[in-house]
Each structure stands twice: as C-alpha cells, then as structure tokens.
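Here is a short report for someone meeting this structure for the first time. It goes from the core to the helices and then to the aromatic rings.

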Amino acid sequence: MAGTYSGNGIAVSAANATLDFLTTPGIYKDLFARSERLILGIRDRMNSAGLQTKVVGIGPLFQVWFTDSPIRNYRDAVHHARKDRFRIWWEEMMKRGVLFHPDAFENLFVSFAHTDTDVEQTLQAVDDALPEVKRRMR
C-alpha cells in the first residue's frame with residue numbers, strides 16, 4: 001500500500017481539523033460579510049479620493065483596477081488597467097504594513113484568518129496611503 005498520506009498521521013489529522021473548521025455553521029456568511037466590508041470600504045475611499053478605479057470581485061476574491069473602464073474579463077484588464085498606478089498603490093500599502101500581491105493581474109483574497117480588526121486596519125491604511133498615492137499619480 002502506498003499513498004500521499006500513508007503513514008502520515010499529522011497530515012491526515014490537519015486535514016480532518018480543517019474540514020471540521022470549514023463546516024462550522026455561519027463561517028462562510030461571516031467571511032463574505034467581512035470581505036464585502038473591505039471591498040466596499042476600498043471602493044468608497046478610492047471614489048472619494050477621485051481616483052479612477054474599479055474594485056470588483058465576489059466574496060473573498062477581489063481586485064483593484066486602476067482604470068475608468070469596466071473590467072469584465074482578462075481582455076478588458078489587459079486593454080484598460082494601469083499597472084503603473086497599481087504599483088504605486090501597492091507600494092504605499094506595503095509602507096503601511098498591508099501586503100497585497102504586487103502584480104496588478106493577481107487577485108486579492110480575504111481568508112478565514114482575517115478578522116474584523118484586520119479589515120479596519122487595512123481600511124485605515126488605505127486612508128493613510130491615499131494622499132501619497134494621489135500625489136505620486138500626478
């Protein structure tokens with residue numbers, strides 16, 4: 001007998017614990033609500049700052065596109081997204097302790113490990129970063 005988890009009780013135990021966690025009642029509802037607060041918070045702040053962005057996604061999967069055009073698919077992103085502006089935003093968020101993927105074409109994720117406090121701290125970092133982001137985008 002052979003197999004990936006043969007004789008590896010620790011890995012099987014971790015997989016079982018993960019499955020138990022993922023079946024916790026209400027956990028996905030909470031994840032989606034937390035994600036929506038983050039997405040809408042970033043969107044509102046970008047709009048209030050006058051930055052041409054589209055913050056799009058579903059549930060815990062999203063992206064911030066620097067563009068004035070709708071982004072519905074990869075072709076739209078290639079044609080309209082401003083990677084140079086995303087880089088500025090990414091750098092300013094990094095300076096404030098928030099790590100997003102550095103490539104504008106990679107998705108951003110909210111996980112079960114993220115808390116309401118993490119969302120609030122991220123939105124505060126957005127607030128703190130936006131003046132410098134705007135200055136650098138002139």
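Contact means heavy atoms within 4.5 Å. By that rule, and leaving out residues up to four places away in sequence, Phe-62 touches Leu-38, Ile-39, Ile-42, Val-55, Val-56, Gly-57, Phe-100, Asn-107, Leu-108, Phe-109 and Val-110.

This is a predicted model: local features need pLDDT of at least 70, side-chain atom pairs count only at pLDDT 80 or more, and totals for chains, interfaces and linings use all residues. Residues are numbered from 1 along each chain as its sequence is written, and side-chain values use heavy atoms, with hydrogens and water left out.

**The core**

A nonpolar core is a set of buried Ala, Val, Leu, Ile, Met, Phe, Trp, Tyr and Cys residues joined through side-chain atoms within 4.5 Å. Buried means under 20% relative accessible area, exposed means over 50%, and partly exposed lies in between (1.4 Å probe, protein chains only). The largest nonpolar core here has 29 residues. Ile-42, Phe-62, Val-64 and Trp-89 have the most contacts inside it. Two or more core residues come from each of α2 (27-48), β2 (61-66), α4 (83-95) and α5 (116-136). Of these, α5 gives the most, with seven residues. Helices (H or I, at least four residues) and strands (E, at least two) are DSSP runs, numbered from the N terminus. In soluble globular proteins, nonpolar side chains tend to be buried together.

**Two helices**

The expected span of a helix is 1.5 Å times one less than its number of residues. Helix α4 has 13 residues and reaches 18 Å between its first and last C-alpha, close to the 18 Å expected. Its buried residues are Phe-86, Ile-88, Trp-89, Trp-90, Glu-92 and Met-93. Their cover includes α2, β2, β3 (108-109) and α5. Just after α4, Gly-97 takes a positive phi of about 85°.

Helix α5 has 21 residues, which should span 30 Å; its end C-alpha atoms are 30 Å apart, which agrees. Yet α5 bends by about 40° at Ala-129, and Pro-131 follows within four residues. The bend at a residue is the angle between axes fitted to the seven residues ending there and the seven starting there. Buried residues in α5 include Val-119, Leu-123, Val-126 and Leu-130. What covers the buried residues of α5 includes α2 and α4.

**Aromatic rings**

Rings of Phe, Tyr and Trp (its six-membered ring) pair if their centres lie within 6.5 Å; planes under 30 degrees apart count as stacked, over 60 as edge-to-face and the rest as tilted. The count comes to seven aromatic pairs. Two of the pairs are shown here.

| Pair | Centre to centre | Angle between planes | Type |
|---|---|---|---|
| Tyr-28 and Phe-112 | 5.2 Å | 80° | edge-to-face |
| Tyr-74 and Phe-105 | 5.8 Å | 65° | edge-to-face |

Tyr-28 lies in helix α2 and Phe-112 in the loop between β3 and α5, so their pair ties together parts 84 residues apart in sequence. Tyr-28 is partly exposed, at 41% relative accessible area. Phe-112 is partly exposed too, at 26%.

Tyr-74 sits in helix α3 (residues 74-80) and Phe-105 in the loop between α4 and β3, 31 residues apart. Tyr-74 counts as exposed, at 61%, whereas Phe-105 is partly exposed, at 23%.

Phe-66, Phe-86, Trp-89 and Phe-100 form one aromatic cluster.
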